[in-house]
Amino acid sequence: MTTQGTGTTEPGATPTVAVLGAGVMGGTLVAGLRAGGWPPAAVVVADPDAAKAAATADEHGATAAADNRAAVTAADVVLLAVKPGAVPAVLADLAPAMRPGALVVSVAAGVPLAVYESALPAGTPVVRVMPNTPALVGKGASATAPGAAAGDEHLALVERMLAATGVVVRVAEKDMDAVTALSGSGPAYVFYVIDALAEAGVLLGLPRDLATTLAVATVEGAGAMVAQTGEHPAVLRERVSSPGGTTVAGVAALDAHAVRAGLVAGVRAAAERSRELGRPAGA
């Protein structure tokens, strides 16, 4: 870990990024920046728990700041990795200390761009991002949505920042609740499926570690086939569904138990919760 200096970004240099929040996602983003080529002095971490910020900086070879204001003073990009409910207070605290023209990037679920733009100086570029936890292993899926003052150059910078964490796509802000529900919360649904598959293997007599290994490899391999072939999942499913065979029997049982409808319902419920998080208190 290094302690924060007071340097400024020279032309052509890597932009300094202040990551506010040293939780799981904050740490993941710090790791992604370092893996993407950001030097230690250009990745500054702050958290209300100073020891946590120091530990995250130590773990990933970044720079620790004493607090949010100290982190953002010389930052070209301010990356908010805080809980949605903490966003207004954090913005009120950091706005006076930010450099003019600094880009604000937030990964807080459900908080609309209007909240940031009303709390920050007029013309501040803001980009919302919805990442997910597989970014921890470089297999994440992130979506970006620009505010009124954010241009292609800002989106390109965010994509560069997230490049080491996985896939990055651009969406309109109106689609962010759907993204949050699908890919943001989606890893939990897949973990749920993996656990269920492994449990089924155990019920059929397989040792738990073997059943889990087979379930994980199956989900990973199926996802890779969709990604690499570009074919629709339904087409790939049909190719392994021989008439009267085991797969057809298994899929029929899944349909009888409304597994497909349950997954759709889960994503819809998560999207509604994302919308609720974005509503002002009392609305």
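## Confidence of the model

The structure is a predicted model, and the mean pLDDT of its protein chain is 92, with 94% of the residues reaching 70 or more. Confidence is highest in helix H8, at 98, and lowest in strand S1 (residues 2-3), where the mean is 44. Over residues 1-11 the pLDDT is below 50, although this stretch has 23 contacts in the model beyond near neighbours in sequence. Where pLDDT is low, the predicted coordinates should not be read in detail.

Setting aside neighbours within four places in sequence, the residues in contact with arginine 128 include Ser106, Gly110, Val111, Pro112, Leu113 and Tyr116, and among the others are Ala143, Thr144, Ala145, Glu173 and Met176. With one of these, valine 111, there is a polar approach: a polar atom of the arginine 128 side chain lies 3.1 Å from the backbone oxygen of valine 111.

Another of the contacts is a salt bridge, in which the closest N and O atoms of arginine 128 and glutamate 173 are 3.0 Å apart. The pair links distant parts of the chain, 45 residues apart, since arginine 128 sits in strand S7 and glutamate 173 in the loop between strand S9 (166-170) and helix H7 (176-184). While arginine 128 counts as buried at 5% relative accessibility, glutamate 173 is partly exposed, with a relative accessible area of 28%.

## Other salt bridges

A search of the whole structure finds 10 salt bridges. One of them joins the side chains of arginine 99 and aspartate 76, with an N to O distance of 3.2 Å. Arginine 99 lies in the loop between helix H4 (87-94) and strand S6 (103-106), and aspartate 76 in the loop between H3 and strand S5 (77-80), so the pair ties together parts that are 23 residues apart in sequence. Arginine 99 counts as partly exposed, at 25% relative accessibility.

Lysine 174 forms a salt bridge with aspartate 175, and the closest N and O atoms of this pair are 3.2 Å apart. Elsewhere, Asp152, Glu159 and Arg170 are linked in a network of salt bridges.

## Helices H8 and H12 and the nonpolar patch

On the surface, Tyr192, Val193, Leu197, Leu254, Val259 and Leu263 form a nonpolar patch, and together these residues have about 540 Å² of accessible area. Two elements give two or more residues to the patch, namely helix H8 (186-203) and helix H12 (259-278), and the largest share, 3 residues, comes from H8. Valine 259, one of the patch residues, is placed in helix H12 and counts as partly exposed, at 33% relative accessibility.

Isoleucine 194 also lies in helix H8, but at 15% relative accessibility this isoleucine counts as buried. Leaving aside neighbours within four places in sequence, isoleucine 194 is in contact with Ala215, Val216 and Val219. Its C-alpha atom is 9.6 Å from that of threonine 213, a residue 19 places away in sequence.

## Two alanines in loops

Alanine 258 is found in the loop between helix H11 (246-256) and H12, where its relative accessible area of 40% makes it partly exposed. Most residues other than glycine have a negative phi. Alanine 258, although it is not a glycine, has a positive phi of about 55°.

Alanine 66 occupies the loop between strand S4 (63-64) and helix H3 (68-72), and at 62% relative accessibility alanine 66 counts as exposed. The C-alpha atoms of alanine 66 and glycine 32 are separated by 22 Å, the two residues being 34 residues apart along the chain.

Conventions: Residues numbered from 1 in each chain as written. Predicted model: local features only at pLDDT ≥ 70, side-chain atom pairs only at ≥ 80, totals over all residues. Heavy atoms only, no water. Patch = residues over 30% accessible without salt bridge, like charges linked within 9 Å, V, L, I, M, F, W, Y side chains within 5 Å. Areas by Shrake-Rupley, 256 points an atom, 1.4 Å probe, with all protein chains shown as cover. Salt bridge = Lys/Arg side-chain N within 4 Å of Asp/Glu carboxyl O. Helix = DSSP H or I, 4+ residues; strand = E, 2+ residues; numbered from the N terminus. Buried < 20%, exposed > 50% of the residue type's maximum accessible area, 1.4 Å probe, protein only. Polar contact = N/O pair within 3.5 Å; in protein donor to acceptor, adjacent residues only side chain to side chain. Contact = heavy atoms within 4.5 Å. pLDDT = per-residue confidence, 0-100.
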